[in-house]
Amino acid sequence: MDTTEKLEACQRKKSNGNAPFKAGRFELASKKYGKEFPDTKLPSKSPSRNSNNPKSWQQFLEVDPCSVEALFRRSQAYLRTSDLEKAEGDIMRALAIDPNNREVRLDYQELKGKKRQYIRHEG
């Protein structure tokens, strides 16, 4: 499977479960995700959007590895904890899935600024 096919498959998996999940129909979403991700259970509740703990977003990414929202939120948590490499990995994955996402692009700009600061400080 090439990269384009992988991204398309990821988008299909995402849309199958995300619509009922966002509508609060967790049982239906669980069934939809279960078809795509056997042996995976939905998390009981969403972490705070401002969570400084990247691990709190991990279980959402285990259910839906193509969740731009979860990748974005986890990258923000990594930025707050100054883990720039991991933040960049999540941002780049999110941009690969949704290159037109304004929030992710702004997050990427913030990351680049922090990297420049780090280089100046270390240099």
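**View 1. Asp 90 in helix H5.** Asp 90 lies in helix H5 (residues 84-97); helices are DSSP runs of H or I with at least four residues, numbered from the N terminus. The model is predicted: local features need pLDDT of at least 70, side-chain atom pairs count only at pLDDT 80 or more, and totals for chains, interfaces and linings use all residues. Residues are numbered from 1 along each chain as its sequence is written, and side-chain values use heavy atoms, with hydrogens and water left out. Asp 90 is buried at 4% relative accessibility (buried is under 20% relative accessible area, exposed over 50%, partly exposed in between; 1.4 Å probe, protein chains only). Beyond four places in sequence, Asp 90 touches Leu 71, Arg 74, Ser 75 and Tyr 78 (contact: heavy atoms within 4.5 Å).

**View 2. The salt bridge between Asp 90 and Arg 74.** The N to O distance is 2.6 Å; a salt bridge is a side-chain nitrogen of Lys or Arg within 4 Å of a carboxyl oxygen of Asp or Glu. The pair joins helix H5 to helix H4 across 16 residues. Arg 74 is buried, with a relative accessible area of 8%.

**View 3. Tyr 78 in helix H4 (residues 68-80)****.** Tyr 78 is buried at 13% relative accessible area. Its contacts outside four places in sequence are Pro 54, Asp 83, Lys 86, Ala 87 and Asp 90. Of these, Asp 83 and Lys 86 form a salt bridge with closest N and O atoms 3.9 Å apart.

**View 4. The salt bridge between Glu 88 and Lys 115.** The side chains meet at 3.1 Å, N to O. Glu 88 is in helix H5 and Lys 115 in helix H6 (residues 102-122), 27 residues apart.

Definitions and conventions: Helices (H or I, at least four residues) and strands (E, at least two) are DSSP runs, numbered from the N terminus.
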